[in-house]
Amino acid sequence: SPSRSSVVIVGAGISGIAAAKVLAENGVEDLVILEASDRVGGRIRKESFGGVSVELGAGWIAGVGGPLSNPVWELAAQFGIRTCFSDYSNARYNIYDRSGNIIPSGIAADSYKKAVDSAIQRLRKQEEEEGEEEKANRGHGDDRISSNRNNNESKRPSTPETPVELAIDFILHDFEMAEVEPISTYVDFGEREFLVADERGYDYLLYKMAEEFLFTSEGRILDNRLKLNKVVRELQYSKSGVTVKTEDGCVYEANYVILSVSIGVLQSDLLAFNPPLPRWKLEAIEKCDVMVYTKIFLKFPYKFWPSGPDKEFFIYAHERRGYYTFWQHMENAYPGSNILVVTLTNGESKRVEAQPDEETLREAMAVLRDMFGSDIPDAIDILVPRWWNNRFQRGSYSNYPIISNHQVFHNIKAPVGRIFFTGEHTSERFNGYVHGGYLSGIDTSKALLEEMKKEKERKTESQTLL
Ligand code: FAD
């Protein structure tokens, strides 16, 4: 029969590794980490492209320079990760129309202000409606909590119409929400953001964390408590323990499980729970939206775009919202690399994931020729990550509807029997970020250690009674 460990941790992203580290440091050495893919890091993932390391997942350390210190920024400093300051607030002054003209800064600033005002108005209106809806719901005994953001799109006080307005609306909502409502990351940790520009990758940080409690040698984790290519498919749980079954037919017994899979995976049918998860849990999981965020990398034989401190980001204004809107050059991170990055989200991400990369390359080149003229060279390489179709991810990060009530977070995080939940989506203040994943892992392990202590006390108590 399979041996039993104290804790099985499902997933070796930053939350899983942080959780394991806290357990190990507190004397729980008999743990097993099961990771579906062939590597550690999850949504922190570098790849060699065009002669440098590019980050397909998390790229920035967001929240630096504020009243509190961002723990991920501290780790990066401790491990000597190379970063460079990155400021996309200038993007709005580098908006190109389809004829390659730069929108005058006065017009851009006005449109931006209008968009921020209208977003704030919309938020207030939503909050009011929410209050009324909650009142009404209480009357009907209905426990529906927040209205979905998409449902509210039609109620916008002023709807963006021109390509410039659409482009600004897109960057405001998908990148700069901090201008509209306070975001804990920026309030607590500061408004500065740093791009990770390290050949060893952002995931070097995870390796250094792992080194402190797992056996490593020559840059590799060789500890047999970390098991790669183990796709967990079933969690059978009872009052006395949890049985974890993997796709390749392995069975692991544990006193407790920490589950760090993404919200997208929880919403999918990859994992079967036996008995099924309770209704309150399933409902909370359904209430959290999944954001798809795709960075497409393009390598060129030479640079044809303007560079310089205020030119790192630029915007393409098209009549279709989110159509190859948000661009970044990598000259600050890797001078001479001749790489551009264009970011797509949600519907556009899914559309592009479903088509061959040559088609995406063709579309991107047509957009660049609109902006910079027909003489520019063709890209010589393209990289299109597919976070949506990755069955171990099913999206990029959690995106709670703006007006989510505290109960949703509480329920997403709350343990079910001996199964504890962690991951970026369980962080009420910092969901969607690397530091959210990191802090949630620590939090979950602390809660589990507390529970283990109580269980031990209960056992000694019943023994003394006997
Ligand atoms: P994950 O890293 O997803 O870890 C979960 C692990 O579970 C994965 O390794 C997965 O393979 C594994 N798993 C899944 N299913 C199973 C299974 N059935 N059995 C076993 N293992 C399983 N954050 C920032 O702070 N700054 C950024 O700039 C930023 N940009 C981002 C850009 C993109 C494109 C993406 C995708 C994310 C970005 N994020 C950013 C968010 C950040 O990457 C995440 O919040 C964080 O890495 C999540 O860590 P996690 O441990 O919660 O989840």
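Q: Before we start, how are residues numbered, and what limits apply to the predicted model?
A: Residues are numbered from 1 along each chain as its sequence is written. The model is predicted, and local features need pLDDT of at least 70, side-chain atom pairs count only at pLDDT 80 or more, and totals for chains, interfaces and linings use all residues.

Q: How many residues surround the ligand, and which are the closest?
A: The ligand is surrounded by 41 residues, and the closest are Gly11, Gly13, Ser15, Gly42 and Gly437. A residue is near a molecule if its C-beta atom, placed from the backbone, lies within 6 Å of it.

Q: What classes make up that shell around the ligand?
A: The shell has 21 nonpolar, 16 polar and 4 charged residues. Here Ala, Val, Leu, Ile, Met, Phe, Trp, Tyr, Cys and Pro count as nonpolar, Asp, Glu, Lys and Arg as charged, and the others, Gly among them, as polar.

Q: Which helices and strands each supply at least two residues of the shell?
A: They are α1 (14–25), β5 (60–64), β17 (293–299) and α13 (434–465). Helices (H or I, at least four residues) and strands (E, at least two) are DSSP runs, numbered from the N terminus.

Q: Where does UniProt place the feature "binding site"?
A: The unreviewed UniProt entry places that feature at Ser15, Glu35, Ala36 and Val232. UniProt positions are given in the numbering used here, feature names are shortened, and annotations may be inferred rather than shown by experiment.

Q: Take alanine 36: is it buried or exposed?
A: Alanine 36 is buried, because 23 other C-beta atoms lie within 10 Å. The rule is that a residue is buried if 20 or more other C-beta atoms lie within 10 Å of its own, exposed if 12 or fewer, and partly exposed in between, with C-beta atoms placed from the backbone. Alanine 36 lies in the loop between β2 (31–34) and β3 (46–49).

Q: And what is alanine 36 in contact with?
A: Leaving aside neighbours within four places in sequence, alanine 36 is in contact with Lys230, Val231, Val232 and Phe392. Contact means that the C-beta atoms of two residues, placed from the backbone, lie within 7 Å.

Q: Where is valine 232, and is valine 232 buried or exposed?
A: Valine 232 is in strand β12 (residues 232–237). Valine 232 counts as buried because it has 24 C-beta neighbours inside 10 Å.

Q: How does β12 pair with β13?
A: β12 and strand β13 (residues 242–246) run antiparallel and are joined by 5 bridges; two strands pair if DSSP finds at least two bridges between them. A hairpin links β12 to β13 through 4 residues, and leucine 235 stands opposite valine 244 in β13.

Q: What is the strand order in the open sheet of 6 strands?
A: The order is β7-β18-β19-β20-β17-β21, with mixed pairing. β7 (95–96) and β21 (381–383) stand at the edges, each with a single partner strand, so one side of each has no neighbour in the sheet.

Q: Changing topic, into which domains is the chain divided?
A: The chain is divided into domain 1 (4–43 + 203–288 + 400–465) and domain 2 (95–194). These bounds come from an automatic or database domain assignment. The centres of domain 1 and domain 2, taken over C-alpha atoms, are separated by 34 Å.
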